[in-house]
Amino acid sequence: MTDRIATSAPFVPLRLDGRPLAHKAALVFIGTLFLAASSYIEVPLVPVPVNMQTYAVLIVGALAGWRLGAITVIAWLAEAFVGFPVLSGGAGGAVHFVGPTAGYMFGFPLVAASAGWLAEQGWTRKIVPAFFGLLLAQAICFVPGALWLATFTGLEKAIALGVTPFIVGAVLKAALAVCTLVVAKQARRVTIRLRPHHLLCMLTYVGKGYTDAFCTNFDAITARLGGGEEILVVAGPDDVCAPVETLEGHHCHEASIVARDAEAAASVANLLGIPASEGARLTLDAARLTALRTAFQARTIRTACADCEWSALCDGIADAGYPDIRLTASV
Ligand code: SF4
């Protein structure tokens, strides 16, 4: 029996590692619209009203990851700097980057990056760590905010005016961000459908396959998997099979391939210590992929591969240390 491992999987559904630059640019643009719209929303809290800017910064970071999250916030601030009315109350212009509240804006990219980093470490999978993590990330902007404000008012007054009144709002915004992530997780529950033996095939996939359409589709799937998208394990033909499933003579429905799935499900479940049969849901991170590839190379999870026509290719790729593989986890 092989060693088991258990890891905390991240939830970063809008991280677009491996996707075209145009997709990332589109996400950044949409993110800046979201940040601008949130800046217009003011909530009448006591002792001071708060707007939803920081909530939006948290969400952008948590959903897009630390790099894309921070880039989106910086793009939004750039829009504000050149004069677009994207700040609170429709404000915009360079003057806002030298005024008393500029320090908070300088802290926003750090807030998004922190929220994104925590999400990539799996903190936003569960409600309690998500709440405290996002509260902590949000608190980061109080540091440059208060220090900058202190140059106008002195530190004591800066804390009294620029930190204390906003603590209640910060707690509520962290809670709202967690609720948003819970809803997002529910919306993303069914994502990539994989039959069990493709949990092995993806390990050695190097862009070779039955047809060009098969490879194009598999490339897209590996990019999504590498980004942490959830897998739903299915019986029979799956999202990888889709381009070839109906081709004449193809084996997607054959009993021998179904038996291969059963072997693979048992091997993967035994290794990772998680269910891997029909109906199981899992995500891949670097630790899980490393464990799978190590075991694959050692031939301890290869009973499913008996009689597979691709076996020699997969052996060679594994034995060579997995050069040119398409599936890499970004966390
Ligand atoms: S040998 Fe066949 S079943 Fe095994 S990983 Fe390679 S392609 Fe998949």
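Author: A crossing is left-handed if the near helix is turned anticlockwise from the far one by less than a right angle, and right-handed if clockwise. α2 passes α8 in a right-handed crossing, so the near helix of this pair is turned clockwise from the far one. The model is a predicted one, in which local features need pLDDT of at least 70, side-chain atom pairs count only at pLDDT 80 or more, and totals for chains, interfaces and linings use all residues. Residues are numbered from 1 along each chain as its sequence is written.

Reader: What makes α2 and α8 helices, and at what angle do their axes cross?

Author: Helices are DSSP runs of H or I with at least four residues, strands are runs of E with at least two, and both are numbered from the N terminus. Helix α2 covers residues 53-64 and helix α8 residues 167-187. Their axes come within 9 Å and cross at roughly 40°; axes are lines fitted to C-alpha atoms, for helices over the stretch in contact, and angles run from 0 to 180 degrees between N-to-C directions.

Reader: Which residues of α2 make the contact with α8?

Author: T54, Y55, L58, I59, A62 and L63 of α2 do, with K173, L176, A177, T180, L181 and A184 on α8. Being in contact requires C-beta atoms, placed from the backbone, within 7 Å.

Reader: What makes β3 and β5 edge strands?

Author: Two strands pair if DSSP finds at least two bridges between them. β3 (192-194) and β5 (281-282) each pair on one side only, so they are the edges. The open sheet has three strands in the order β3-β4-β5, with mixed pairing.

Reader: Where do the bounds of domain 1 and domain 2 come from?

Author: They come from an automatic or database domain assignment, which gives 21-187 for domain 1 and 192-319 for domain 2. Their C-alpha centres lie 40 Å apart.

Technical notes:
Contact = placed C-beta atoms within 7 Å.
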